[in-house]
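Here are a few friendly notes to read alongside the model. Have a look at it first, then follow the points in order.

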Amino acid sequence: MTEDDRRHMALALALGRRGLGAVWPNPAVGAVIVAGGRIVGRGWTQPGGRPHAEAVALARAGDAARGATAYVTLEPCAHVSARGPACSDSLIAAGIARVVSAMEDPDLRSAGQGHARLHAAGVAVTTSCLAQEAAQDHAGFALRITAGRPLVTLKLATTLDGRIATATGASRWITGPQARRDVHALRARHDGVMVGAGTARADDPDLTVRDLGIAPQPVRVVLDSRLTTSPDSRLGRTARAIPVWLCHGPSAPFAARQAWSASGARLIEVAVDVAGRADTSAALGALAAAGLTRILCEGGAGIAAALLDADLVDAVHIYTAGRAFGGDGLAAIGPMGVTAIPPGPPRFRLLDVTPIGDDTRTRWVRHHGADGGT
């Protein structure tokens with residue numbers, strides 16, 4: 001593996017990230033085709049998951065693909081679908097001489113088979129090029145397949161003393177416009193944005209990506225066991241234009257189900273916990289089954305505590321403003337019943353600290369997991 005291999009794979013990874021949040025349930029793959037030291041084709045998975053990155057890159061390369069090297073951030077798929085041929089077959093048919101891939105596909109329909117098919121056709125295959133970086137980018141896709149849940153990024157906007165609202169519940173706006181714009185970009189890199197029923201009722205949020213010229217929008221998810229959020233909310237009024245999914249419990253009133261269904265929202269019944277709230281693990285499992293690979297949780301304090309307590313958070317992004325609300329303000333994370341400091345290293349390690357306008361963004365990631373693709 002050469003330095004040129006790493007450089008071209010780094011470009012393929014950067015291209016693939018353009019698809020984050022827009023290609024579920026597929027992975028956001030990037031591809032670069034190089035012939036004679038010159039890039040002749042490049043591509044990334046398109047919105048909705050098709051065409052795949054390899055197909056886009058091959059179409060741009062045309063005849064120049066014959067004898068070339070293809071750099072792909074995930075093993076080329078080996079399965080044929082109604083929407084297109086297997087990418088491994090397409091690379092072979094185009095006359096690609098060598099394929100450099102970053103990691104094996106965790107999807108059992110292709111795992112190892114794409115590489116094997118290329119080998120059998122006489123294509124030279126090099127694997128594990130920038131594998132760690134690729135694993136981070138594809139973490140949501142892999143978690144959906146291997147753990148039955150999406151990658152979860154917890155976002156908090158807090159004061160210096162860790163408060164997300166005043167004693168009266170006021171929370172707009174704690175952070176400044178630059179930080180809020182950064183949050184919109186973060187939303188755009190996730191398949192869904194999730195809040196709890198309390199936040200949905202108190203804030204009446206839009207949960208959309210705004211002012212960035214980005215489409216499609218993420219799915220807006222509310223965990224609301226009793227469907228107490230009003231269909232007349234901003235979410236309800238826009239559910240036909242931008243998807244709204246509600247994870248509710250078995251005892252949600254029939255009238256509320258009817259009203260939300262009439263708004264165009266999707267209802268997903270899940271188990272509830274001992275407190276009668278939508279169980280976070282069950283909800284994430286249902287969202288993964290529906291195709292979502294990356295979830296951004298934006299509150300509130302109860303759902304943040306539930307996710308952390310269940311060890312379901314892969315990354316934490318905290319936007320901190322130079323304000324203080326005091327002890328009577330609402331804490332960013334609800335009660336978790338922690339009575340002793342657990343042994344061993346902290347669950348999260350610091351990734352970076354970045355000033356954004358008058359605020360600060362701090363990013364934390366799992367010691368043994370992904371960084372949310374950021």
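1. Which backbone oxygen does the side chain of arginine 294 reach? That of arginine 189, at 2.7 Å. This is a predicted model, where local features need pLDDT of at least 70 and side-chain atom pairs pLDDT 80 or more, while totals for chains, interfaces and linings use all residues. Numbering runs from 1 along each chain as its sequence is written, and side-chain values use heavy atoms, without hydrogens or water.

2. Arginine 294 belongs to strand β12, residues 294-297 (strands are DSSP E runs of at least two residues, helices H or I runs of at least four, numbered from the N terminus). Arginine 294 counts as buried because its relative accessibility is 2% (buried means under 20% relative accessible area, with a 1.4 Å probe and protein chains only).

3. Now turn to helix α2, residues 53-61, whose buried residues include Val56, Ala57 and Leu58. The buried residues of α2 pack against β1 (30-35), β2 (38-44), β3 (69-72) and α3 (87-93). Glycine 62 follows the helix with a positive phi, near 60 degrees.

4. Leu58 and Ile33 are among the residues with the most contacts inside the largest nonpolar core, which has 35 residues (such a core joins buried Ala, Val, Leu, Ile, Met, Phe, Trp, Tyr and Cys through side-chain atoms within 4.5 Å). Helix α2 and strand β1 are among the elements that each supply at least two residues of this core. Another core, of 30 residues, lies apart from it and includes Leu223 and Cys247.

Key
Buried means under 20% relative accessible area, exposed over 50%, partly exposed in between (1.4 Å probe, protein chains only). Contact means heavy atoms within 4.5 Å. A polar contact is a pair of N or O atoms within 3.5 Å; within protein, one must be able to donate a hydrogen and the other to accept it, and residues adjacent in sequence count only if both atoms are side-chain atoms.
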